[in-house]
Structure formats: C-alpha cells, structure tokens
Amino acid sequence: MAEERRFRSACGAPITLRRRQHSASCRELAVRGPRLQLRSLSAATSAVWLAAYGLFALSENSMVLSAAIFITLIGLIIYLHFVKIDQESLLVIGSLGIQVTSSYASGKESTIFIEMGQVKDVVINEAIHMQKVIYYLCILLQDPEDPQGISEVVPLFQSSKPRLDCLIEVYKSCQEILEQRKTAPQSN
Amino acid sequence: VLYLIWAYIPETWLFSLGLTYWPQKYWAVALPVYLLVTVGIGYILLFGINMMSTAPLNSTDTITDNFARKQQQKKFQEEAIPALRDIPISEVNRMFFLPEK
C-alpha cells in the first residue's frame, strides 16, 4: 500500500514523501524534491547570454558568443548529472539492512547499502549547518569494539532537507521496523 | 609620545638636530591604516574560521564526545534526584518523537 503526503523542505520548497509497505518488515520511504523549473532555467540562460552579449559588444570578438552557448549547454548537463537530485529513497528491510538511493535528474542513481548488523539506530539529530540549525535524519553505525559506542554517522536526505514534521513520519516508520529486531533476535 | 613628536616635527628640523636616520614620514600615516584594515579583515576571518571549525553533519562530534563516552553511571537511589548525566541520543529521540498523541 502506498501513501503520499506533501511537506516543505528546510528552504521552503515543496517536497513529497511517499511511503510504501512491502511487507511486515520491509518499508520504502521516498522523498521527492521539486523538478527543474522552466523559469529558473530560462533566467540562468538569459543571464549568461546577456553577459556574453555585453562582452561581445565591448570586445567585438564573436568567439565570446559561441563560448557562451557551449558553457550554457555543458553547464546544464553537468548540473543535471551531478548536482540536481530528484528523489532520495530509504528502503528498510528488517533482517537485512538499509539501502539509501539518490536519483539524479539525468537518471543516474547512486546507492549505499548498510547491513543491519552495523546499524545501531536511526535518529533525528540537530546540528549547525551554514548559519542555521537544522534537523536531519541519520543512521548511527555501531562500533565493533564498544557496543555502546558510535563509530560513524550517516546523514540521510541531504539535498532535499525535509522539515521536522516529515522527519518524524520517517522516524516513526523506521523505528517500527527496528524494534522488531529486538523482540525477535535472530542469529546472524 | 615619541611617535607623535616624530610625526609632527618637519624633516628639516630633525636633520638640523642631527637625527637623520629615522623612517620616512610616509609610515606615520601608513601604519595606522594597516592596523585598521587588519582589524576589519579580522572580523571576516573570525567568521570564516568559525564556520570552518563547525563539525560537519556526518561527524560523531554532533552526537557525543570524549567526556560523555567515559562517564560512569551512578546507582539509582530511591527518593533522590537522579545524578546528572548525558542521555544518549536514542533515548532522547524516543522520548520526543515516539509517544502517540
């Protein structure tokens, strides 16, 4: 069963959270950010082309115009392939692990899989980030030597920073599955 | 005081007194300007150093630190205020976000 709700990101952009329950111990949560807007794309393109035209008027060198066109095209491709993240999803499988995927606007997907033995907890942490204090969800990885210690922190949903209401939903879903591994311990 | 005397008395008078090897008068104005510019840049530099030494989002310093790891748990006593300690983040989260409203 799938469920979709609208929220806002930390900057105010509208994002949607989609929740799917595949089975009793497997859930998928996907946060989708806004698509590339036509108006911001045309604003950036016009700014670059106007600057190039101004340079051309000053220097009478027609290479400036063709260079501007190349820069715009290559810049757009680099932005779509490396920078613009469309959707970030979290797949929690109770006995197996947690998989985090980010899909970019050009179709590229990058995944990270964390085995359940390494996961200590999924928590909402708050930290200072660029003159703001933001809430963010993160996975705490266990230290092999010290059972109470934390070896690493993996922050989630980095590019579409959801606000606290969305994070609480994701947190509750994750905790429901993580609690199951305490009540039904299996030998790994 | 020596600085003021040196800055204000014209060069010819100083030469007539026999003091010839003093720095050029240009520096009487240049040094204060240098100092003020350094103070101004110091503001911006301090701001930048602050931002750079903030722990990044993926470091364990945002969750715990050396003192909290090594803390000892005191035994729970009836009818006494519990001892002060650093509560682990999992417990805090559960208390804040899990109870059904």
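How far apart do the end C-alpha atoms of residues 41-58 of chain A lie? In this predicted model, they are 26 Å apart, and the span is 100% helix and 0% strand. UniProt, in an unreviewed entry, gives the annotation "transmembrane region" to residues 41-58 of chain A and also to residues 64-83 of chain A. Residues 64-83 of chain A are likewise 100% helix and 0% strand, with end C-alpha atoms 26 Å apart.

Chain B carries such an annotation too: an unreviewed UniProt entry lists residues 26-49 of chain B as "transmembrane region". Here the chain is again 100% helix and 0% strand, and 34 Å separates the end C-alpha atoms of residues 26-49 of chain B.

Six strands form an open sheet in the order β1-β2-β3-β4-β5-β6 (chain A), and their pairing is antiparallel. At its edges stand β1 (2-8) and β6 (109-115) of chain A; each has a single partner strand, so one side of each is left without a neighbour in the sheet. From one strand to the next, the twist averages 15°.

Strand β4 (residues 85-93) of chain A runs antiparallel to strand β5 (residues 97-104) of chain A, and 8 bridges join the two. Within this pairing, Ile85(A) has Tyr104(A) of β5(A) as its bridge partner.

Helix α3 (residues 164-183) of chain A lies across β1, β2 (14-23), β3 (26-32) and β4 of chain A. Relative to β3(A), helix α3 of chain A runs at about 165°.

Methods:
Residues are numbered from 1 along each chain as its sequence is written. Chains are lettered from A and ligands numbered from 1 in the order in which they are written. This is a predicted model: local features need pLDDT of at least 70, side-chain atom pairs count only at pLDDT 80 or more; totals for chains, interfaces and linings use all residues. Side-chain values use heavy atoms; hydrogens and water are left out. UniProt positions are given in the numbering used here, feature names are shortened, and annotations may be inferred rather than shown by experiment. Helices (H or I, at least four residues) and strands (E, at least two) are DSSP runs, numbered from the N terminus. Two strands pair if DSSP finds at least two bridges between them. Axes are lines fitted to C-alpha atoms, for helices over the stretch in contact, and angles run from 0 to 180 degrees between N-to-C directions. Contact means heavy atoms within 4.5 Å.
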